[in-house]
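This briefing goes through one protein model, starting from a single residue and then widening to the whole chain. Please keep the sequence and the structure in view while reading.

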Amino acid sequence: MSERWIDVSAHNGVIDWRRVAGSGVRGAVLRAGYGNSITQQDKQFVANVTGAVAAGLQVAVYYF
């Protein structure tokens, strides 16, 4: 059986993570940042990781 996951970044805006979890999504791949410098953190990363974990989703992180 496969699980449904989503890939999100600041481009997706503010996400209602409880609604996402309620829709059957099991996990989220979150963009942590981008570019050539660690200072280029995704503006929604902290909110996304906090919200996804609080909603009980599995989380994976990438840097683009």
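Asp42 is buried, because its relative accessible area of 2% is under the 20% cut-off. The model is a predicted one. Asp42 sits in the loop that links β2 (27–33) to α2 (45–54). Once neighbours within four places in sequence are set aside, the residues in contact with Asp42 are Ser9, Ala10, Arg31, Ala32, Gly33 and Tyr34.

**Overall build**

- The protein contains two helices and three strands, and the order of these elements from the N terminus is β-α-β-α-β.
- With a radius of gyration of 12 Å, close to the 11 Å that the globule rule gives for 64 residues, the protein is as compact as a globular protein of that length.
- The C-alpha trace spans about 35 × 25 × 15 Å along the principal axes of the protein.
- Of the 64 residues in the protein, 31% are buried.
- Taking contacts between residues at least 6 apart in sequence, 54% join residues that are at least 24 apart.
- The protein exposes about 4300 Å², and 55% of this area is supplied by carbon and sulfur atoms.

**Helix α2**

- Phe45, Asn48, Gly51 and Ala52 are the buried residues of α2.
- These buried residues fall within an arc of 140° when seen down the axis of α2, so they line one face of the helix.
- Val46 and Val53 lie on the other side of α2, where they are exposed.
- The packing partners of the buried residues of α2 are β1 (5–8), α1, β2 and β3.

**Asn48, a buried residue of α2**

- Asn48 belongs to helix α2.
- Is Asn48 buried or exposed? Asn48 counts as buried because its relative accessibility is 2%, and the limit for that class is under 20%.
- Leaving out residues up to four places away in sequence, Asn48 touches Val8, Ser9, Ile15, Trp17 and Leu30.
- Ser9 is among the residues touched by Asn48, and Ser9 is also one of the contacts of Asp42.

- Arg26 is located in the loop between α1 (17–22) and β2.
- The relative accessible area of Arg26 is 46%, so Arg26 is partly exposed.
- Which residues does Arg26 touch, not counting those up to four places away in sequence? They are Glu3, Arg4, Trp5, Leu57 and Gln58.
- Arg26 and Trp5 are 21 residues apart along the chain, and a distance of 5.8 Å separates their C-alpha atoms.

**Nonpolar surface patch**

- Val53, Val59 and Val61 make up a nonpolar patch on the surface, and together they have about 230 Å² of accessible area.
- Val61 is found in strand β3 (residues 58–63).
- Val61 has 49% relative accessibility and therefore counts as partly exposed, since the exposed class requires over 50%.

How values were computed
Residues are numbered from 1 along each chain as its sequence is written. This is a predicted model: local features need pLDDT of at least 70, side-chain atom pairs count only at pLDDT 80 or more; totals for chains, interfaces and linings use all residues. Side-chain values use heavy atoms; hydrogens and water are left out. Helices (H or I, at least four residues) and strands (E, at least two) are DSSP runs, numbered from the N terminus. Buried means under 20% relative accessible area, exposed over 50%, partly exposed in between (1.4 Å probe, protein chains only). Contact means heavy atoms within 4.5 Å. Patches are made of residues with over 30% relative accessible area and no salt bridge: like charges are joined within 9 Å, nonpolar side chains (Val, Leu, Ile, Met, Phe, Trp, Tyr) within 5 Å. Accessible areas come from the Shrake-Rupley method with a 1.4 Å probe; for residues, only the protein chains shown count as cover. A salt bridge is a side-chain nitrogen of Lys or Arg within 4 Å of a carboxyl oxygen of Asp or Glu. The radius of gyration is taken over C-alpha atoms; the globule rule is 2.2 Å times the number of residues to the power 0.38. The arc is that of the directions from the helix axis to the C-beta atoms.
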